[in-house]
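Dear colleague,

I am handing over the structure below, and after it I set out what was found. Please read the notes with the model open beside you.

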Amino acid sequence: MSPHFNIVLVEPEIPNNTGSIGRTCVGTGSNLHLVGKLGFDISDSAVRRAGLDYWERLNLQVHEKFEDLKPQMDPSRTFYFSKKAETGFFDAKFQLGDWFVFGKETKGLSKDLLQDVNPHNILRIPQWGPIRSLNLSNAVSIVMYEAARQTLVSSKIPELSL
């Protein structure tokens, strides 16, 4: 079965965020791609020790560099998330199989990574109030469930339980 969505985390730093995102990927039938230097260990023993009993059900791919992953991604269906984006993610029309790219917790996505991306594919999640940013796991969940609302729910996919 094709993944509903593809979540890409570029150099994630906090293991609990990645664990939570992994659980969300399993729960939504989505793939998780980890790119670059990770701020934690994802060996089998580390995952078992962390109690991630769903981890073996996660379709996980690890990539040394973003350039290694890029050939798999359809540029027109890849969305990058940045608090500096002009376009809000509520304006995007998502499709099954879309790619959602998020940066590391402390810095987000680098300017270098975003320089050749169509600005319409760089999205922000609106925030109200005096916070700098949302937690990475929360941001991924917000995006995935909006994408699910637009695609999975409307297509009445049988394995989706509400």
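**The largest pocket**

Strand 7 gives the most to the lining of the largest pocket, with 3 residues. Strand 7, helix 4 (111-114) and helix 5 each supply at least two residues of that lining. The space in the largest pocket comes to about 780 Å³, and of the 30 residues that line this pocket, the closest to its centre are Phe 81, Ser 82, Lys 83, Gly 108 and Ser 133. A pocket here is an open set of points, on a 1 Å grid over the protein atoms alone, where a 1.4 Å probe fits, with protein on both sides within 12 Å along at least five of seven lines, and lining residues have an atom within 4 Å of a point. Grid points are joined across faces, edges and corners, and the volume is the space filled by probe spheres set on the points.

**How to read the model**

This is a predicted model, in which local features need pLDDT of at least 70 and side-chain atom pairs count only at pLDDT 80 or more, while totals for chains, interfaces and linings use all residues. Residues are numbered from 1 along each chain as its sequence is written, and side-chain values use heavy atoms, with hydrogens and water left out.

**The chain as a whole**

The protein chain has 5 helices and 7 strands, which follow the pattern β-α-β-α-β-α-β-β-β-α-β-α when read along the sequence. Helices (H or I, at least four residues) and strands (E, at least two) are DSSP runs, numbered from the N terminus. Of the 162 residues of the protein chain, 45% count as buried, where buried means under 20% relative accessible area, exposed means over 50%, and partly exposed is in between (1.4 Å probe, protein chains only).

**Aromatic rings**

A search of the whole structure finds 8 aromatic pairs, a pair being rings of Phe, Tyr and Trp (its six-membered ring) whose centres lie within 6.5 Å, with planes under 30 degrees apart counted as stacked, over 60 as edge-to-face and the rest as tilted. The rings of Phe 79 and Phe 100 have their centres 6.3 Å apart and their planes at 40 degrees, so this pair is tilted. Because Phe 79 lies in strand 4 (residues 78-81) and Phe 100 in strand 6 (residues 99-102), the pair ties together parts that are 21 residues apart in sequence. Both Phe 79 and Phe 100 are buried. Phe 100 also pairs with Phe 94, and since the ring centres are 5.1 Å apart and the planes are at 80 degrees, that pair is edge-to-face. Phe 94 is buried, with a relative accessible area of 6%, and Phe 100 counts as buried at 0%. Ring pairs link Phe 5, Phe 79, Phe 81, Phe 94, Phe 100 and Phe 102 into a cluster.

**Salt bridges**

The count comes to 4 salt bridges, each being a side-chain nitrogen of Lys or Arg within 4 Å of a carboxyl oxygen of Asp or Glu. In one of them, the side chains of Glu 11 and Lys 104 meet at 3.0 Å, N to O. This pair links distant parts of the chain, 93 residues apart, with Glu 11 in the loop between strand 1 and helix 1 and Lys 104 in the loop between strand 6 and helix 4. Glu 11 is partly exposed, with a relative accessible area of 29%, and its phi is near 50 degrees, a positive value in a residue other than glycine.

Another salt bridge joins Arg 149 and Glu 146 (2.7 Å, N to O), and both residues lie in helix 5, 3 residues apart, about one turn of the helix. Glu 146 counts as buried, at 9% relative accessibility. Lys 65 forms a salt bridge with Asp 68, with the closest N and O atoms 4.0 Å apart; Lys 65 is partly exposed at a relative accessible area of 44%, and Asp 68 is partly exposed at 38%.

**Two further places**

Asn 59 is in strand 3 (residues 59-63) and is partly exposed, with a relative accessible area of 40%. Asn 59 and Leu 32 are 27 residues apart in sequence, and their C-alpha atoms are 6.3 Å apart in space. Elsewhere, Leu 134 has its place in the loop between strand 7 (122-124) and helix 5 (136-155), and this leucine is partly exposed, with a relative accessible area of 30%.

With kind regards
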